[in-house]
Structures are given as C-alpha cells and as structure tokens.
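Hello,

Here is the structure I promised to pass on to you. Have a look at it first, and then read my notes below.

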Amino acid sequence: SANALDEHSIVPLCQISGLEQLQLQDNALHDLPLGLTALSSSLELLNLRHNRLQQVPVALRSLTSLDTLYLSANHISSLPPWLQELKMLRHLDLSRQLVSPRPLTGTRTKQGGAGALGPGPGPPPDGLRYRSRSVD
C-alpha cells in the first residue's frame, strides 16, 4: 500500500498461490490486471481504497471467494450487474466516491442476500445495508 503502484506493477502478485488478503490501498491503480483471476479460489479480502478506479474492475468478477471489498475514495459512479454474482461478498465499502453526489457504503449481512447491489430508490435489498455520506 501507498507505493504509487499501477496495474502493471502488481502483475507478479497475481502469481502468489493461496493469497487470502491483498492490500492495494493508496496507490495509482486505474484498473486491475486480468491475471488476478488466478486468485479466484483463495482471495477473501481486497483493499482498493484511495486509488484512481473509475469503475469496478472486471477482473474482480471471477473472485468467487471474495468476502470483503474496499472501494472507497475512488471515482466509481456505478456498479456492474455482475457484482451481485459474488455470493461470498459480505462487506462492500463504496464510501467517499469522488464523482458521486451520494456515495454509499454497503455491507451484505448474510451470504447470498437477494437483490441488486447499489444505490436506488427505496430501502436497500435484503441482506445489504447502506450508509450515505456527504462529499463536501
């Protein structure tokens, strides 16, 4: 963390078998390498806080063991529909997005909760809690 890493410099990390946690906060990441899919069965926590992400990296789609994902303080304005396919995902931090007028923090409270992830009118889907924050 805090090393000004970009997506090319983290490629070797994708080759570490059995990696359960990856702390990549406070870097210069715009995206993640597709090689991250090699960690699909082991990676449980991924911290991408304070980077330059403008969208949720598609490389995350295959991380079926992912339980905790920190995406706060990036530039993400929408969530991809496939994010709800990550059935093990229980903690999702989307707070302090630099382009969204109403950033949200979501926490899945039970495995496989129904409903879509993301902001919308009305109450959050079953199994997910949102907390709004101002970005002044």
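What percentage of the 136 residues in the protein is buried? The buried share is 43%. Please keep in mind that this is a predicted model.

On the overall layout, the protein has six strands and zero helices, so the order along the sequence reads β-β-β-β-β-β. Among contacts with a separation of 6 or more, 37% link residues 24 or more positions apart. The protein exposes about 7,100 Å², and 50% of that comes from carbon and sulfur atoms.

Two loop residues may interest you.

Asn74 sits in the loop between strand 3 and strand 4 (91-93). Asn74 counts as buried because its relative accessibility is 0%, and the cut-off for buried is under 20%.

Gln55 belongs to another loop, the one between strand 2 (45-47) and strand 3 (68-70). With a relative accessibility of 52%, Gln55 counts as exposed, because the cut-off for exposed is over 50%. Gln55 and Leu79 are 24 residues apart along the chain, and their C-alpha atoms are separated by 7.3 Å.

So much for my notes; I would be glad to hear your thoughts.

Best wishes

How values were computed: Residues are numbered from 1 along each chain as its sequence is written. This is a predicted model: local features need pLDDT of at least 70, side-chain atom pairs count only at pLDDT 80 or more; totals for chains, interfaces and linings use all residues. Side-chain values use heavy atoms; hydrogens and water are left out. Helices (H or I, at least four residues) and strands (E, at least two) are DSSP runs, numbered from the N terminus. Buried means under 20% relative accessible area, exposed over 50%, partly exposed in between (1.4 Å probe, protein chains only). Contact means heavy atoms within 4.5 Å. Accessible areas come from the Shrake-Rupley method with a 1.4 Å probe; for residues, only the protein chains shown count as cover.
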